[in-house]
Amino acid sequence: MFGYFCKRILLIIPSVMAVILLIFVLMSSLTGTNTARMVQYADDPQGPPPRLSFLQQYGKYCYRVFTRQDFGINSLSGVPLRKELLIRTGITLRVTAISALFTYLLGVPLGVFAACRRGRWQDSFIISLTTLFSSIPSFCLSLVLVLFFAVRLRWIHVIPQDPVDELAPLFALAVFGASNVAKVTRAGMAEVLDKPFVLSLTSLGLSRRSVILRHALKNALVPAFSIFSTVCAQLLCGSIVVERFFNIRGLGSTMISAISGRGTTTLLGCAVVVALILSVCSVITDLLFVLVNPSLRRTLSFGSTLRRRGGR
Amino acid sequence: MKRKSRAFFRNPVAVTALAILVVIILFCILYPFFTTIDYREMNFEDRLQTPSLKHPLGTDNFGRDLMIRMAWGGRVTLSVAFFSGLIAAVIGTVIGILCGYAGGSTDSVIMRLMDVLSSVPGLLLAIVFEYMLGMGRGNFLYGIAIAGIPPFAKLVRAAVLEISGSAYVEASRALGASPLHVIREHVVRNALPLAAVQATTAVADALTTCTILGYISISIKPPMPEWGMLFDNGKNQLRILPHLSLIPAAAIILCIVCLNLMGNGIRDSLSIGGGDA
């Protein structure tokens, strides 16, 4: 299993490279102009040495990103991007990670509760709630939150100042993900509760609570964790918007200022960071998957033989 | 097919959602013909007004009528959403059918490409397109459309694989049906309802992305409104006139909710009326 995850972590590099290639191809084919100066580096501010082909440029960029974490320079300020990206990514990552935690802390109990009350009004209430909240873009929810808690109740500031104020953007992000998680958890739990082993555990005299929390929940979590990387992608995209709404200076604001200032290098750097974060998230998804699903663990430790058999 | 559509129309929630959507679309198309106010017309004496008879939804900080701007914004937002959803649906369905039917190396190459594409968030792709093709011309539409292709392709491919393994397709092949006939008569007909469900999701996603781009002010050129842009505009008057951004927000949410409910309705009608597609 350890080997599997080493392989999986190493696979991040080619997958990020593929995304970089995709963006390079898009950027050069869409503009149709000479893209010899697509990326500006600190050591050649006048553009790369003449006659670098597309692939050479791509290779140079990938090499610099993966060996020296050199994303080029910010074409507006002339400062190397590395430090700026590091700080901004830290801020965005913190927001995303905490809201991902909120997402699961909110979504899983709701889903489990709905599944346990299947067919009753609590169930249909939660279903309609999740349908509604999964349709609300995070900036609209931010508006409602700010109007209610900052303008009407005056509990928080519109521009974050106290620690309490930071809850609003986190909540605005988490609600969207949580409704998706709740939906998936409910479906998974409902399926598990119909399984014969639940019936036999109940007939053995276990209380409903321990059947659900000890035995059924573990199985129901599998689908909930399988959408972890999707949730992370949504949260990351949402954070671009929520950052703007709450004036948080994270990756999103860097991206927006890069767009309005025509900073191709900066935009590319942001895109690479996003791609990197998302591939790490997909590795975490796999890890969570193995944690909640013991049968997968066994498959992985005898990986080679079983996979060969499964392939047939 | 008929039974399925009847099942759809017997679902009150789905029909209501469809009706609301139709009303919103009709409003956006027709309202500009019934008023003399122009969406660019600034009138500084009338700025920041609350709703009145002359301005049914009030005016913004330049004294522009919000009602007409909502209608024009809806034209932009909804058409971007529908067309990018449509493009994604058509291209994705074709790719899915080709992959599922061709199999082999064509299939695996295209599917790896789809994997790469789906690992990039649609918002990012839309930003790259808008940035590279020039700002303010609505080029993000292609970005949204391309980002919408992979789920269609995967869904349709899975459906095709399932269908082409079934006995009746084998039977029709044994009777000498050409591949084209099989695709047209069996594969497309079975995959289409699934694609329709996915299409409502794709349009809703496109609508979200479109309004987000408007909100971070990288969609179309400013005098032309867009719902996300109107929302952003109104945000500065949050304390005095919250309705300036609440109304665009409500319109966005309403459209997405209705699209999702419609999708649910179609999915339910598939399982009710199943079998005779």
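Predicted model: local features only at pLDDT ≥ 70, side-chain atom pairs only at ≥ 80, totals over all residues.
Local features need pLDDT of at least 70 and side-chain atom pairs count only at pLDDT 80 or more, while totals for chains, interfaces and linings use all residues. Residues are numbered from 1 along each chain as its sequence is written, and chains are lettered from A and ligands numbered from 1 in the order in which they are written.

Where the chains meet, 33 residues of chain A are in contact with 29 residues of chain B; contact requires C-beta atoms, placed from the backbone, within 7 Å. On the chain B side, two or more residues each come from helices H4 (104–119), H5 (122–133), H8 (179–215) and H10 (243–273). Helices here are DSSP runs (H or I, at least four residues), numbered from the N terminus. H5(B) gives the most, with 8 residues.

The largest nonpolar core has 155 residues. Such a core is a set of buried Ala, Val, Leu, Ile, Met, Phe, Trp, Tyr and Cys residues joined through C-beta atoms within 7 Å; buried means that 20 or more other C-beta atoms, placed from the backbone, lie within 10 Å of the residue's own. Among the residues with the most contacts inside this core are Phe139(A), Val272(A) and Ala126(B). H8(B) supplies the largest share, 15 residues. Beyond its neighbours within four places in sequence, Val272(A) is in contact with Val16(A), Ile20(A), Val65(A) and Phe71(A).

Helix H6 of chain B covers residues 140–164. Of its 25 residues, 19 are buried. H6(B) bends by about 25° at Ile149(B), and Pro150(B) follows within four residues; the bend is the angle between axes fitted to the seven residues ending there and the seven starting there.

Definitions and conventions:
Contact = placed C-beta atoms within 7 Å. Buried ≥ 20, exposed ≤ 12 C-beta atoms within 10 Å, placed from the backbone. Expected span 1.5 Å × (residues − 1).
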